[in-house]
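Welcome, and please get your viewer ready for a short walk through this model. We will go from stop to stop, with something to select at each one.

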Amino acid sequence: MTKLQAEVENIKKLINQSQNIAVVGHQNPDGDCIGCCVAMSEWLVSKGKTISIFADGDIPEKFFYMPKAREFNQHSAIEHFDLLIVLDLSDVDRLGVWNSLTAKSDKIIVIDHHIKPAFNQADILIDLPQYASCGEIIYDLFELLKVKITFEIATALYTCITCDTGCFLFSNTTANTHRVAEALMAKHKIDIEAINFKNFRAYDRRNIPVVTYVLKNMKFEFGGRLSISVLPYKFVKKWNLNYESRHGLFKYATDANGVICSIFITELSKGEFNVSLRSLGTIDVAKIAQKLNGGGHRNASGATYHGSLKDLKQILVSEFAQVID
Ligand SMILES: [Mn+2]
């Protein structure tokens, strides 16, 4: 019996006995986080539950093809929930401004696929790092719960799966990932061309000067196996770049021929840096992120660093020196 099968009856029981339910994803919400909060909320609303959806940060407009994506962070005044469902994060710190939700909720279910589970408040904790996306877990859970998958739910779950696998390009993609995508396409007639255009092809032409800067200033170490890109605060501020558009720049760092590890540093404010790490194959960048009090997956992780850019680069280069040879 899988962990998911073992917990299905407990999840069903907690949901059945709850009326006022909060669904929350991680800060800097991405496609997986937004999609699984939307899919979960669509289902719970169809069961007559009262739902509030939260995630600390802006919801990129490109995700508004999912109607429920517009409903995030609208319910700040509510003081109490029967149940809190935490999706796509297992580190309580990544609730950000919504970390007070745990104290306001009678029961907590956490469903996640990151490597660092640390959610002590959870009544039910499902951490399955073998899954490429949290949305893929939700699909398997919905199958076990015999949930009627609607067009809206299928669209949201397909968004999760494609966003966390780089549209099936990353090494986390499994046979089950494809099985779930096949089921969503075959049974629910989702518009994959429209979804994939928004998430993988369309870009904002106003960002071209930033792309130019990043490409011009990319540095390579270890004979071209490690790439380092830095986005200074003046660009983040001038172009008002949100997490989503900053992240779109990362592919230039990761996809150069010969690169097996990449670092993308964004200066969020003076002395505060967002660090994103990527790797190919067995090189574990989650371990490096954890040394900076961050976390993530083996091949994709991140952290926030306070200090000088020079020190940060030095720490990262020496960490990578130990794993890259
Ligand atoms: Mn995810």
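This is a predicted model: local features need pLDDT of at least 70, side-chain atom pairs count only at pLDDT 80 or more; totals for chains, interfaces and linings use all residues.

D88 sits in the loop between β3 (81-87) and α3 (101-104), while D164 belongs to helix α5 (residues 151-165). The two are 76 residues apart, and the pair links distant parts of the chain.

Next stop: charged side chains. How many salt bridges does the structure hold? There are 7 salt bridges in the structure. For one to look at, select K3 and D127, whose side chains meet in a salt bridge with an N to O distance of 2.9 Å. K3 lies in helix α1 (residues 3-16) and D127 in strand β5 (residues 124-127), so a stretch of sequence lies between them: they are 124 residues apart.

Finally, zoom out and colour the chain by domain, with 3-200 as domain 1 and 209-324 as domain 2. The centres of the two domains, taken over C-alpha atoms, are separated by 27 Å. At their interface, 11 residues of domain 1 are in contact with 9 residues of domain 2. About 880 Å² is buried between the domains, with carbon and sulfur atoms giving 53% of that area. On the side of domain 1 that touches domain 2, select the 4 nonpolar, 4 polar and 3 charged residues. Across this interface there are 0 salt bridges, but 3 residue pairs are in polar contact.

Conventions
Residues are numbered from 1 along each chain as its sequence is written. Side-chain values use heavy atoms; hydrogens and water are left out. Domain bounds come from an automatic or database domain assignment. Contact means heavy atoms within 4.5 Å. Buried area is the accessible area (1.4 Å probe) that two parts lose on being put together, summed over both. A salt bridge is a side-chain nitrogen of Lys or Arg within 4 Å of a carboxyl oxygen of Asp or Glu. A polar contact is a pair of N or O atoms within 3.5 Å; within protein, one must be able to donate a hydrogen and the other to accept it, and residues adjacent in sequence count only if both atoms are side-chain atoms. Ala, Val, Leu, Ile, Met, Phe, Trp, Tyr, Cys and Pro count as nonpolar, Asp, Glu, Lys and Arg as charged, and the others, Gly among them, as polar. Helices (H or I, at least four residues) and strands (E, at least two) are DSSP runs, numbered from the N terminus.
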